[in-house]
Amino acid sequence: MLQGLPVSPGVAVGRAVIVRFGGLPAFRRAVLPDEFDAEEKRLRRASRLAAQEFRRHSGEAAGDIGAELAAILEAHGLIASDETYLEAVLERVRRDRVNAEWALAEVTRELGKRFETADSDAMRERAADIHDVAREITRHLTGGKDVLPPELPRGSILVADEISPVDASRLDPRRVRALVLERGGPTSHATIIARSFGLPAVVGIPGVCEAVSPEKPIVVDGDRGTVETNPSKERLRRSLLRVREGRERTRRQRARTSRDATTRDGVRIVVRANLELAEEFGALERYHAEGVGLFRSEFLYLRAAPRSPGIEEQRAVYESLLAAAAPHPVVVRTYDLGGEKGIGPARGENPALGLRGLRYCLAHPELFAAQLEALCLASREGPLSILLPMVTSLSEVQAARVELEKAARRAGVSEAPPLGVMVEVPSAALLAERLAPATDFFSIGTNDLAQYALAVDRSNPDVAPLYQPLHPSILRMLRSVIDAGRSQGRPVAVCGELAADPLGIAVLVGLGIREISVTPVAIAGVKDSLWAIDSTRVRALAEKALAAAEASEVEKLFRGRL
Ligand code: PEP
Ligand code: MG
């Protein structure tokens, strides 16, 4: 029984499909002893081809760039055909009964680690060399294809070191039953995608890729955060029973969701949906969402990469989103690129603090202009608003407004769509009063607000216990935004994951929030939580919570009284 962090609820039983995306990407497959020879042939052929290629490049480099690069490439060729290296990989194939790609990745990782910790610079550089070589051999082994098999078998459970949000968004929820990751956190984007697909997920189990056997049944419990390898027949039977109960519970819950959301004492709360992908648009009706509170448009961009989606292509998506949400409104967030590794162009050691969100768009005016024009064109078809991610100061909002006015003129619309500020950085929360005149509405992103306020990486399991969106410092920031919105007539919504948490909902309503946006599958549970809340009671509790010093105090306060 392996223990990790429960990040998406539900129980699943399925066969493990093991993939490594980071470092040297590889897919793990079990091989039988009578396949060892075939694996050896594949590996030797790939090593020969890689070595040939390095030698060819070395010859070319010697002619036009210089002797130094030629020597490096020559050395790469030697490593690629090094007999000790290849034998170590083949030994791993036989010992662990795994495919050559996986064995190569494992041996290379171990070698690389040894080089990285060496004393001399020259030795440390060898770590990079060996990874380059292995990458080339892998390319010949796989024929240059993606690591993730295009069609995972039905009933798979994906076990991986990490997964980029885009790769996660490409998973087919009819084939994959659950997700298990070595890294990741409660609000990392891969986790958010797993939740929106309704897939149970557990993250933060280092070494899980080795601990689980490929193609063998495992049990993933997304409520408790456990992964069971080699379950007995009896355990399997009981787990399957829980899967069935879970399905039944969801069905009953969903049957109730058509009722509007109010608190027990009748305060109306608007519940909208967060969406990432065009495939999810149908969920709006299924889960009775009152429109879309957050459309993460960057997935449109990332899935179209390496080309950028054109104006007409974007417009068609935004229009179909409006049609799916009608008669309710839709909020489209402009590209939130940069940031977490794997979300677009992440550069530097600290992408979350780099060129991300609105900063990225302002630095790439053509990209921004095309998106704003597409949004203006689509706004003719229904109530569409635009939301700016990662706002840190007033001048950024003003610059975006100028670009939006220009886009509206190009699109020939008499009035630009409403423009909102996403409050997800402490500077914006604390200055909400000064931002309010420049914005039409606020939407608070608690996922990033918690990350930046508490200096806790939202996708790092090592600091997951410190990731506390109910920290009183954050409640005070929420209060600042809510007050600014109220005094200046700007609506304030919350679109972070906190809005899908039963305790979080009570706190938010207590602070005065009347509009939230959550992943569609969470809507039914959110309404259940709302129906149980008394608004005057949670208001009094929220006042007390603002004076607390710790998140645990806030939790205790609410948990004890609800
Ligand atoms: C947030 O930061 O709270 C948010 C809703 O946006 P994302 O999770 O995409 O960063
Ligand atoms: Mg965010």
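Helix 18 (446–454) contributes three residues to the shell around ligand 1, the most of any element, where helices (H or I, at least four residues) and strands (E, at least two) are DSSP runs numbered from the N terminus. Helix 7 (189–196) and strand 11 (292–296) also supply at least two residues each. The model is predicted, so local features need pLDDT of at least 70 and side-chain atom pairs count only at pLDDT 80 or more, while totals for chains, interfaces and linings use all residues. Residues are numbered from 1 along each chain as its sequence is written, chains are lettered from A and ligands numbered from 1 in the order written, and side-chain values use heavy atoms, leaving out hydrogens and water.

In all, 15 residues surround ligand 1, each with a heavy atom within 4 Å of the ligand. His 189, Arg 296, Arg 333, Asn 447 and Arg 458 are the closest. By class, the shell holds six charged residues, five polar and four nonpolar; Asp, Glu, Lys and Arg count as charged, Ala, Val, Leu, Ile, Met, Phe, Trp, Tyr, Cys and Pro as nonpolar, and the others, Gly among them, as polar.

Polar side-chain atoms lie 2.7 Å from an oxygen atom of ligand 1 for Arg 296, 2.8 Å for Arg 333 and 2.9 Å for Asp 448. The protein covers 100% of the 290 Å² of accessible area that ligand 1 has on its own, by the Shrake-Rupley method with a 1.4 Å probe.

Notes. A polar contact is a pair of N or O atoms within 3.5 Å; within protein, one must be able to donate a hydrogen and the other to accept it, and residues adjacent in sequence count only if both atoms are side-chain atoms.
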